[in-house]
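Please find below a colleague's note on the structure under review. The points are numbered so that each may be read against the coordinates.

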Amino acid sequence: MTAQSARSSDNPLLRREGLPPFGDISPGHIVPAVEKTLADRERQLEELERSLVPTWEGLVEPLMLLGLGLEYGWRPVRHLLNVKNSDALREAHEAMLPKVVASDLRLQQSRPIYEGLVALKKGAEWDGLSEAQKRVVDLRIRDAEHAGVGLTGNAKERFIEIEKELSQLATTFQNHVLDSKKAYALVIADEADTEGWPQTLKAISAQSYNQTKSEGDPDATPESGPWRITLDFPSFYPFMQHSRNTGQRKKVYLAYITVASSGEWDNSDLIARILKLRKEKVALLGFETYADFSLDAKMAPSVAAVERMFDDLSTPSKPCAVGDFEELQALAKESGVDEPLKHWDLAFWAERLREKRFDYTDEQLRPYFPMPRVLDGLFALTTRLFGVTVEQSRDDVSVWHPDVRYFVVRDERGGQISSFYLDAYTRPAEKRGGAWMDDCLARRIVGGELRLPVVHVTCNGTPPVGDRPSLMSFGEVETLFHEFGHALQGMLTTVDYSDVAGTNGVEWDAIELASQFMENWCYHKPTLLGMTAHVDTGEPLPDDLFEKIRAARTFRAGSNMMRQLEFGITDMHLHHEFDPDGEETAFDVHRRVAEETSVLPPVDENRFLCAFNHIFAGPYAAGYYSYKWAEVLSADAFGAFEEAGLNDESAVHDLGRRFRDTVLAEGGGRHPMDVFRDFRGREPSTEALLRQNGLLD
Ligand code: ZN
């Protein structure tokens, strides 16, 4: 390395303008760049704490700019970790991660900044600030208060103690679930028991056997076994769907619903302790229940509003779930099974019914969905709805892999408003699975100039083979639409404050609105057929395949709805009415809810709560309802288009522009209930979701 290239200005992670030069970043740049970025930020923070004036210009503007360094110096590292992983990159990331976390915490916990924000809110300038500006201040204050910054003395000490214990309990809870799941397996040696299994189930269970067998034992093969069934979903679920051995299904089912509920990995006491500590913690912050605390940072206005949604959804869904069950029972009877169906029979008979009604495979659909055609369709829909155009950039943009493409989004007058990277294909060796949207650069004012937003859209689609393009499954198409919906909210924002621009600052029970809204278009026949062209013949998707896709969407919708409601209602009860010191246990609460929500009452052994990571070890505590809340919003937003007529060009044009100017443009800059009301003219209703799921007839 020459003296010249060692200069910090040559470190691509220390650039502070333009696009991050992804192609030039190497793991060796990370430690020096992040060290310097954090040191600079600490110095700027200290300076701000010393000299701040509690005004927008004297506090909030410099405060938001404190995020600029990491936006260029750290966010690209996090991105590359997900899409271009390597040992060296991981090592550098791990070395710096604790320092970044500590620095973020230091900033969030800054008492002078917090007091400055509170003073600003009480000051003369406040009334003159725009709604988005007020949101920036309010959200910063809220997050600081939720993190205990407003506490002093004993209360503060106790708060810190509780947080520490809760974080340990979450880790232990999760580990118990993992270890308990790992300890269970059902080894099947008799080939007769594998009758009807799909090839993939045979293959993964033979592989699982080989990974755990004693040394010297002969290898298993997919054809002749032995086969090892585990409680991991890709093993457990296909087994429940395809095993014809009722006794074995019962065994595996009972193991599944008793994970981490006895012996050394028993989570029962942890559940009680977690609920008790959460209640104590939020009492210190002035909230009566943990649910009140959770909803304080969400779109849903109150527990009562969430409970109303539960009722509105369950009333019409429950009879449908009963109907679903009766269908399965009838099918079983037709096939010679006379006994009443049990829990461990449901997945099996549901799969038989699905096969009978609308069997199709991904492989049948893929030839109709070449990616270039799908992208054209997606971009054409974007133009039709929102008036913006998307085109691949001809500029030489630095990327991390040759398959990555960079697109520019322009408004109706042709001016650039944003851009995005599309990293579409799977690369198992260096890229993590799944699909996601992420900010690259938020929209913000830097040095008096507007800097446009840039986002990442990352998928794991099937790569092209030879000169054949990527052929997408229907699921991959839906996922692309979903992530692009998030991306549109990131890109079409008109808010200039990075804290609340695009998807930033959007309450997370509202964050799936734009994404799921876009998914709905995959079930609109002209839109979907318009982006299909068989890779060999150019034929569009045949009608009968489209009808199967559409029917599959609402298959057993009542049962699926009731199952999600069982989880959501249980979660809300445990964090609201439930008294951790009372007579009733958390298990009693779950049983009471399950008796109301499921057609078959739960079996006595049911200890599902012991493995409910989402609410005991994840971020969904008093938030599981968010899944349904967001579905209600996106279905209702799409419902506006359905009511106006999806093929009525002028109505779609007007509604599309309104969606752009509200949900997509305002994003986190207004409370999501106000944003929704701006678009829909009223508060959300559950009707569209029920109708789209076929639950209203
Ligand atoms: Zn999403």
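This is a predicted model: local features need pLDDT of at least 70, side-chain atom pairs count only at pLDDT 80 or more; totals for chains, interfaces and linings use all residues.

1. The domain assignment of the protein gives domain 1, covering 3-150, and domain 2, covering 184-258. Taken over C-alpha atoms, the centres of domain 1 and domain 2 are separated by 49 Å.

2. A cis peptide bond. Most residues other than glycine have a negative phi, and most peptide bonds are trans. Against that background, the bond from Gly-225 to Pro-226 deserves attention: the peptide bond is cis, with omega near -5°. Pro-226 belongs to the loop between helix H10 (199-212) and strand E2 (227-229).

3. Surroundings of Ala-206. Helix H10 contains Ala-206, a residue that is buried because its relative accessibility is 2%, under the 20% limit. Apart from neighbours within four places in sequence, Ala-206 is in contact with Ala-220, Thr-221, Pro-222, Pro-226 and Trp-227. One of these partners, Pro-226, is the proline of the cis bond in the previous point.

4. Positive phi at Ala-260. Although Ala-260 is not a glycine, its phi is positive, at about 55°. The residue is located in the loop between helix H12 (246-256) and helix H13 (268-284). Is Ala-260 buried or exposed? With a relative accessibility of 1%, Ala-260 counts as buried.

5. Positive phi at Ala-622. A positive phi of about 50° is found at Ala-622, again a residue that is not a glycine. Its place is the loop between helix H25 (613-616) and helix H26 (626-644). Ala-622 has a relative accessibility of 0% and therefore counts as buried.

6. Helices H11 and H12. Two packed helices are described by the angle between their axes and the distance between the axes. For helix H11 (residues 233-242) and H12, the angle is about 140° and the axes are 10 Å apart. H11 is therefore oblique to H12, since the antiparallel class requires an angle over 145 degrees. The crossing of H11 past H12 is left-handed. On the H11 side, Phe-233, Phe-236, Phe-239 and Met-240 take part, and they meet Gln-248, Arg-249, Val-252, Tyr-253 and Tyr-256 in H12. By class, this contact of H11 with H12 comprises 7 nonpolar, 1 polar and 1 charged residues.

7. Helices H23 and H24. Helix H23 (residues 557-574) packs with helix H24 (residues 586-597) at an angle of about 145°, and their axes are 9 Å apart. Here H23 passes H24 in a right-handed crossing. From H23, the residues Met-562, Glu-566, Ile-569, Thr-570, His-573 and Leu-574 meet Ala-586, Val-589, His-590, Val-593, Ala-594 and Thr-597 of H24. The contact of H23 with H24 includes 7 nonpolar, 4 polar and 1 charged residues.

8. Ser-314 and its partners. Ser-314 is part of helix H15 (residues 303-334). With a relative accessible area of 16%, Ser-314 is buried, because the limit is 20%. Leaving aside neighbours within four places in sequence, the contacts of Ser-314 are Met-562 and Leu-565.

9. Helices H20 and H27. The axes of helix H20 (residues 513-520) and helix H27 (residues 649-666) come within 10 Å and cross at roughly 145°. The crossing in which H20 passes H27 is left-handed. Which residues of H20 and H27 meet? Leu-513, Ala-514 and Phe-517 in H20 meet Phe-659, Val-663 and Leu-664 in H27. The residues of this contact of H20 with H27 are 6 nonpolar, with no polar and no charged residues.

10. An exposed lysine. Helix H9 (residues 153-183) contains Lys-164. Lys-164 counts as exposed because its relative accessibility is 56%, over the 50% limit. Between the C-alpha atoms of Lys-164 and Ser-51 there are 33 Å, and the two residues are 113 residues apart along the chain.

Methods. Residues are numbered from 1 along each chain as its sequence is written. Side-chain values use heavy atoms; hydrogens and water are left out. Helices (H or I, at least four residues) and strands (E, at least two) are DSSP runs, numbered from the N terminus. Buried means under 20% relative accessible area, exposed over 50%, partly exposed in between (1.4 Å probe, protein chains only). Domain bounds come from an automatic or database domain assignment. Axes are lines fitted to C-alpha atoms, for helices over the stretch in contact, and angles run from 0 to 180 degrees between N-to-C directions. A crossing is left-handed if the near helix is turned anticlockwise from the far one by less than a right angle, and right-handed if clockwise. Contact means heavy atoms within 4.5 Å. Ala, Val, Leu, Ile, Met, Phe, Trp, Tyr, Cys and Pro count as nonpolar, Asp, Glu, Lys and Arg as charged, and the others, Gly among them, as polar. Angles under 35 degrees count as roughly parallel, over 145 as roughly antiparallel, 65 to 115 as roughly perpendicular and the rest as oblique.
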